[in-house]
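Colleague: Could you give me a close look at one part of this model, the contact surfaces of the first chain? I would like the cut-offs along the way, please.

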Amino acid sequence: MITFDDNGIYCAQAGIYIDPWKPVDKAIITHAHSDHARWGMNSYLAHRDALPVLRFRLGEDINVEGKEYRESFSINGVNISLHPAGHIWGSAQVRLEYKGEIWVVSGDYKLQDDGISTPFEPVKCHSFITESTFGLPVYNFPSVESLKEDINNWWRQNAAEGNNSVILAYALGKAQRVLQQLDTSIGKIYTHGAVDNINKLYEESIGPLNATERITTETDRKEIKGAMIIATPSSAGTPWIRKLSPYKLGICSGWMQLRGARRRKGADRGFVMSDHADWEQLNTAILATGATNIYVTHGYKSIYAKWLEDNYGLNATEVDTLYVGEQADEESGVEPKEGGADEGV
Amino acid sequence: MKAFSDVFTQIDQTTSTNEKINALVGYFQTAEPKDAIWCVAILTGRRPKRTVKSGELREWCIELSGIPGWLVEESYHIVGDLAETITLLLPENTDVKEYKLHEVIHTLIALQEKTDEERKEYIIGMWQSLTKEQLFVFNKLITGSFRVGVSEKIVIKALAKAFDIEENIVAHRLSGSWDAGTTSLLDMLTTVSIADDISKPYPFYLAYALETPVAELGNLDDWQIERKYDGIRGQIIIRNGELFVWSRGEDLMTEKFVEFAILPGIIPDGTVIDGEIIPVKDEQLMPFHVMQTRIGRKKLSKKHLEDAPLVMICYDLLEYKGQDVREKAMTERRALLEQLVADARGEMELLPLMMSPLVVATDWDEVAQERLRARDVGCEGLMLKRKDSVYKTGRRRGDWWKWKVDPLSIDGVLIYAQRGHGRRANLYTDFTFAVWNGEELVPFAKAYSGLTDKELVEVDNWIKRHTLDKFGPVRSVTPTLVFEIGFEGINPSPRHKSGVALRFPRILRWRKDKAVKEANTREDLMNILKAQG
C-alpha cells in the first residue's frame, strides 16, 4: 500500500505523498520542520495547528487543508487520519487504512510530554514507519522535570554571577518548549527575532506563552543583565550574540548526551533536550503499535533495524529518505538542498 | 570521589581557562591531600598502570546491562570512548555510596594481584553504587586517557594560585617522574633544593607559529635565526656524574639514547642542554621516520644503532656549572654553550653533540629565502629568537617564533567516509582520499581535520545522499568532491596501495572549483617523493 520512491513516501491507491522532498500533486505533511515540509506541492494537508507555520514558511498562497487529530477522511477508498506525534505542536502521525491493512507513517516523534505539543498516542497498525535519530542504547534522555530544574539552576547561577544566559534552540518547537520551562521569577526573557516570529504564531493560534521581549536594533543592550535569551542555533558565533556579553551559552539537543558533541559545540552547557524519541521511547512506541513490519528511516537505521529483528523478531527494513532528524534542526537550521534525491538513495 | 567528580564536571562544562583554574584551585584548597595529589597526577598524565582490560569491561557491561555485544560495539564506535559508552549503557543507580578518590585508585592498582573473579566483583560492585557522573570518572580512572581540556599549564597555574608559589617553580618541581601513591603534594611543592632530584628537567620553552609578516619583527640584528629540525626535542642533563635525557613530552628516555651515555665526564656536572635529537649518518641528517622505527623498539639491536645513530643538535643552555642560567640573554647562553661543546669536542672527536648552526642573512628577504630552502636541508623551517630573550616556561608569544615552510599539498578525491569518533560522533568526518592512476582511483591518505564545522555538516549531508555502498561503518561515495590535502613529509611504503605514506595529512581546503578529473595523479605523488629524496 505504501512505497518509497524518488519523491518520498507514496500511497499509490490514494495518489498521495507523505512529507515528499520533490514537488508532487498531493502531500500530507507530518510537521512543519523544513526537512519534512518542503516547497512546491500543488496541495498540502496537515494538522490544523501546523497551518500557521506552513503558511509562514511556504507562503500565504499555498493550497493547504487542516484536519483535527483522529478526524477520518477517505481518498479513493483509503481511510486516512492524523494522530498526535508529540514531536512539536501540530505534529502528526499519518494512519492509512485500505481493505483492512493499516500503515502508520510517524514522521518525527517523542513520548515525553513537553507541555507544548499534544502528547504522542500509539496507533495500532500492521506496518509502522519510524525514525531512528537516537536509535542507540546510549541515548537515554533525562526527565522533563530534571531538565527544567537544570536549566533554571543554570540561569539562576549565571544571573548571580552577572552573566546573561543564552540558549540556542530551534525556532520551531524547541524554543517554545524551553520558554515554557523557565522560571520567570529569575529574570527577564528575551528572544531572537526568528524565535519571536514563531512564538507569535503559537500565541495567535494556540495559546499564551511566558512573556518575552524581542531583541531589535532599538533594544538597549545595557538593559539586558542576568537575563535569559532564546536564540536560534544559527546565531552561534555571530556579532549579534557577542553583543550579549557577558553571557553563558547553553545548547538544547539530544546530541548533548555525548560528551564529544558537547565539546565540539564549544558551549558552556549542553542540555539533553530533544523532540525526538530516545532508545527506550523508540522501543516502547514501536511495541505499542503491535506492528510486525517496521520501516526504519533517518538516524542509526541499520543498527536499529538489526536490533528490532534480533531482539523483538520484527520484520525491520531500512529505508533511505532525505529526512535529517535532529541534525538539521539543531546544527545548521539550513534548508536541505532541493532535488538531491536522484543519486544514492 | 564526589569532590573530584564535581571538579571534573565543572571543568568539562566550561571553555574558559580561568574558570577551569578556579575550579581546580577550589579543589586543591579543600580536598584531602591524598586525593589532591592523585588529581594532579591524573591531569598531568601520571596515571597508574592499567589493571583491567577493556575486553573485560565490555564483557561485564554486556552482562550487567543486558545489551547484546554487537550493540555495545556499535555504541562504542559511535561514542568513541569506552568509559563513556559503558557509563551511558549501564542502568541508573538509586542506592549510591561515597568513596575516597585515593582509596579507589589504590584499590584499582591492587587489582593487579587479584583473581579474575575478585576484579569482576569489585568493578561490578562499583558500577552499581555510583552516580552517573562518578561512574564516568571511575571508568576513566580504569581506562586512562583523562582528556578534559586541562593542560599541564592549567594545573601548574592552579597549584601556584592555591599554594601561593611562583608558576615556574611549580612547573619545575612538578616535572619528572614521581608516584602519587608515595609523594606528598605539599612536600613536593615546597621542597627547595635542586639536588633533591637530580634528574629534574626544566620546563621547555616553546614557540608559537609566526603570526605577522616577518619584516614586522623589526631589526634583523636583534634576532638569532636557526633552522627548525624535525626530530625529538629533548634535554640532556648531567648532574653528579649521571646522565638523564628527557623528551619534550617529559618522558625520561635515557635508555633509548645510548649514544649519550659517554657524556658524563666529558661534559661537566651541573649542565642542562636543550636541543633536538635526530639521526645523523655520515654527516647527513636523516628523515624522521628513520628514528621513529628505532624509538618504538624495546630492545635496540646493533643494526638499529648503526642505521640511525643519534646526535643532539644543541639549541640552548639552561644550567651551567650547577646554576640556573635561564635568565641570562640568549646570546650569552649560546656563547657558554658553544664553549662547552668546543671543550667537549677537544676531549672526544666523535661527540654526539653539534651546535645548531646560525642562519646568516643580511635582510629579512634573505631569511625568507632560507626558509624556502628548509626542506632541501631536511628541516621544517626556521626558528627566530630574540638575542636578548630569556628562556621562558611553556608556550609563549613574542621572543621566539617558529616559521615553518608551507606544507606539501596534493588534490585528492573523496572516496570513503566513516563516522567520526568522540567529538564528531554523529557526522561522517573521517575521510579517505584517492589520486588517479590511469582511469583508476588509488587511495593515498586518510584525513580527519581541516574543515570548519559548517563544512563538515555540508560534506556529511552530501555523503549521506551520495553513498554507493556500505561496508560496516564505512561508506563509499560517488567520486566527486576534491580536497587539497596538506602534509609534512612523504615516505615510500610498500604496505600502501599508492606506494607512499604521508606524514600529518590534513585537509587544507575544499576545492569546490575543481572537477573530479582535475585531481592529482599517483605520478604527481611519486614526483614529490623523488624531490624529497
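Modeller: Happy to! A salt bridge here is a side-chain nitrogen of Lys or Arg within 4 Å of a carboxyl oxygen of Asp or Glu. With that rule, two salt bridges are found across the interface of chain A and chain B. One of them joins Arg259(A) to Asp12(B), with the closest N and O atoms 2.9 Å apart.

Before going on, a word on the ground rules. The model is predicted, so to speak with care: local features need pLDDT of at least 70 and side-chain atom pairs count only at pLDDT 80 or more, while totals for chains, interfaces and linings use all residues. Residues are numbered from 1 along each chain as its sequence is written, chains are lettered from A and ligands numbered from 1 in the order in which they are written, and side-chain values use heavy atoms, with hydrogens and water left out.

Back to the chain interface. Contact (heavy atoms within 4.5 Å) takes in 35 residues from chain A and 40 residues from chain B. The buried area, meaning the accessible area (1.4 Å probe) that two parts lose on being put together, summed over both, is about 3,200 Å² between chain A and chain B, with carbon and sulfur atoms giving 52%. The rule also finds four residue pairs in polar contact across this interface, both residues being at pLDDT 80 or more; a polar contact is a pair of N or O atoms within 3.5 Å, where within protein one must be able to donate a hydrogen and the other to accept it, and residues adjacent in sequence count only if both atoms are side-chain atoms.

On the side of chain A that touches chain B, helix H6 (259–265), helix H8 (301–312) and H9 each supply at least two residues. Helices are DSSP runs (H or I, at least four residues), numbered from the N terminus. H6(A) gives the most, with six residues. That side of chain A divides into 12 nonpolar, nine polar and 14 charged residues.

There is also a contact within chain A, which an automatic or database domain assignment divides into domain 1 (2–139 + 275–332) and domain 2 (144–271). Here 27 residues of domain 1 are in contact with 26 residues of domain 2, and the area buried between these domains is about 2,500 Å². The rule finds one salt bridge across this domain interface. Asp275(A) forms a salt bridge with Arg177(A), at 2.8 Å between the closest N and O atoms.

Key. Nonpolar A, V, L, I, M, F, W, Y, C, P; charged D, E, K, R; others polar.
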